[in-house]
Amino acid sequence: MASKTDGVYDRTPLIAGNWKMNMDHFQAVSLVQKLSWTLADNDHDFDKVQVAVFPPFTDLRSVQTLIMADKLELTYGGQDLSPHDTGAFTGDVSGDFLKKLGCAYVLVGHSERRSVHAETNQIVNAKLQAALRHGLTPILCVGEGLETRQAGQHVEFTKQQLREALEGISAEQTAQLVIAYEPVWAIGTGEVAGSDDAQEMSAALRDEIAERYDTETANSTRVLYGGSVKADNVATIMRERDIDGVLVGGASLDDAEFANIVRFEHHLLTD
Ligand SMILES: O=C[C@H](O)COP(=O)(O)O
């Protein structure tokens, strides 16, 4: 049977780099240039493994201009969006504005938004609806904290986050979205979830979608893993059946390291 180690995937892999609040717009241009040169030198096939970066809002116009001018195949997105389309919401950014800046994706419900900005599952749901309204592909982030994991509640907790986020979202919309499983205890800590733990959770999230809608929808939705992903652990994670990509934080700020993560197939096929 064909498998990932033969270069055959059930869903197109997505390697996403979330820069968080790092890189001003000058640094953003330099990072995107270096990343795209390295990937071009290695004949990266963007149709086979998709690549997206998530710069801060203030960098998006510069990144868009560079990508359009150099006809790069790299895609990009916003790190957050407002649940509203327009109006008196100081400091917020509408999905409409992101779409007009050429964003393909938007992160929704990242654990840092949930913890630092007290975003509830209801807010995450409203943001998901806003993203879909504006033709953006949401990357919906879910994942448990350490205490929840230690109490053995991680599967139910994360499924509940997913259930509440998907309220009012159709099967067709769910098939298009990307889910990122990011255990909070593995983010920026150097702790990586074991690949079997990451697989267990990705499969559980897919099961939840199958139960809520149907198997076809579940088999279309991509599930990423995030949490201390580096070039030297990406192949182990990507080998797992239900993991369709990674959401990378710290390591996406280094062009050579991120390019190496994007080229996970190389490690997968040569290991
Ligand atoms: O969005 C990315 C995740 O929060 C993972 O961050 P990290 O790779 O720095 O652990």
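1. A residue is called buried here if 20 or more other C-beta atoms lie within 10 Å of its own, exposed if the count is 12 or fewer, and partly exposed in between. By that criterion, 42% of the 271 residues of the protein chain are buried. The model is a predicted one, and the points below should be read with that in mind.

2. Overall build. The protein chain contains 13 helices and eight strands. Its radius of gyration is 17 Å, close to the 18 Å that the globule rule gives for 271 residues, so the chain is as compact as a globular protein of that length. The C-alpha trace spans about 55 × 45 × 35 Å along its principal axes. Taking contacts between residues at least 6 apart in sequence, 74% join residues at least 24 apart.

3. Strand S1. This strand covers residues 14–18, and five of its five residues are buried, so the strand is largely enclosed by the rest of the structure. The cover is on both faces: Leu 14, Ala 16 and Asn 18 are buried on one side, and Ile 15 and Gly 17 are buried on the other.

4. Neighbours of S1. Strand S2 (residues 50–54) runs parallel to S1 and is joined to it by five bridges. Within this pairing, Ile 15 has Val 51 of S2 as its bridge partner.

5. Met 23. The loop between S1 and H1 holds Met 23. Its phi is positive, about 80 degrees, although the residue is not a glycine. Is Met 23 buried or exposed? Met 23 has 21 C-beta neighbours inside 10 Å, and the cut-off for a buried residue is 20 or more, so Met 23 counts as buried.

6. Strand S6. S6 spans residues 178–181. Val 178 and Ala 180 point one way from S6, Ile 179 and Tyr 181 point the other way, and all are buried. S6 pairs in the parallel sense with strand S5 (residues 137–142) over four bridges. It also pairs with S7 in the parallel sense, again over four bridges.

7. Thr 189 and Ser 228. Thr 189 sits in the loop between S6 and helix H9 (195–212). Thr 189 has 12 C-beta neighbours inside 10 Å and therefore counts as exposed. Ser 228 belongs to another loop, between strand S7 (222–226) and helix H11 (234–238). With 19 other C-beta atoms within 10 Å, Ser 228 is partly exposed; the cut-off for a buried residue is 20 or more. Ser 228 is not a glycine, yet its phi is positive, at about 55 degrees. How far apart are the C-alpha atoms of Thr 189 and Ser 228? They are separated by 6.6 Å, with the two residues 39 apart along the chain.

8. The ligand. Which residues are closest to the ligand? Of the 14 residues that surround it, the closest are Asn 18, Ile 187, Gly 226, Gly 249 and Gly 250. Among them, Asn 18 is also one of the buried residues of S1, and Gly 226 falls within the span of S7 (222–226). By residue type, the shell divides into five nonpolar, eight polar and one charged.

9. His 134. The loop between helix H5 (121–133) and S5 contains His 134. This residue is partly exposed, with 18 other C-beta atoms within 10 Å. Leaving aside residues up to four places away in sequence, His 134 touches Gly 95, Asp 96 and Lys 99. The C-alpha atoms of His 134 and Thr 75 are separated by 17 Å, and these two residues lie 59 residues apart along the chain.

Terms used. Residues are numbered from 1 along each chain as its sequence is written. This is a predicted model: local features need pLDDT of at least 70, side-chain atom pairs count only at pLDDT 80 or more; totals for chains, interfaces and linings use all residues. Helices (H or I, at least four residues) and strands (E, at least two) are DSSP runs, numbered from the N terminus. Two strands pair if DSSP finds at least two bridges between them. A residue is near a molecule or strand if its C-beta atom, placed from the backbone, lies within 6 Å of it. Ala, Val, Leu, Ile, Met, Phe, Trp, Tyr, Cys and Pro count as nonpolar, Asp, Glu, Lys and Arg as charged, and the others, Gly among them, as polar. The radius of gyration is taken over C-alpha atoms; the globule rule is 2.2 Å times the number of residues to the power 0.38. Two residues are in contact if their C-beta atoms, placed from the backbone, lie within 7 Å.
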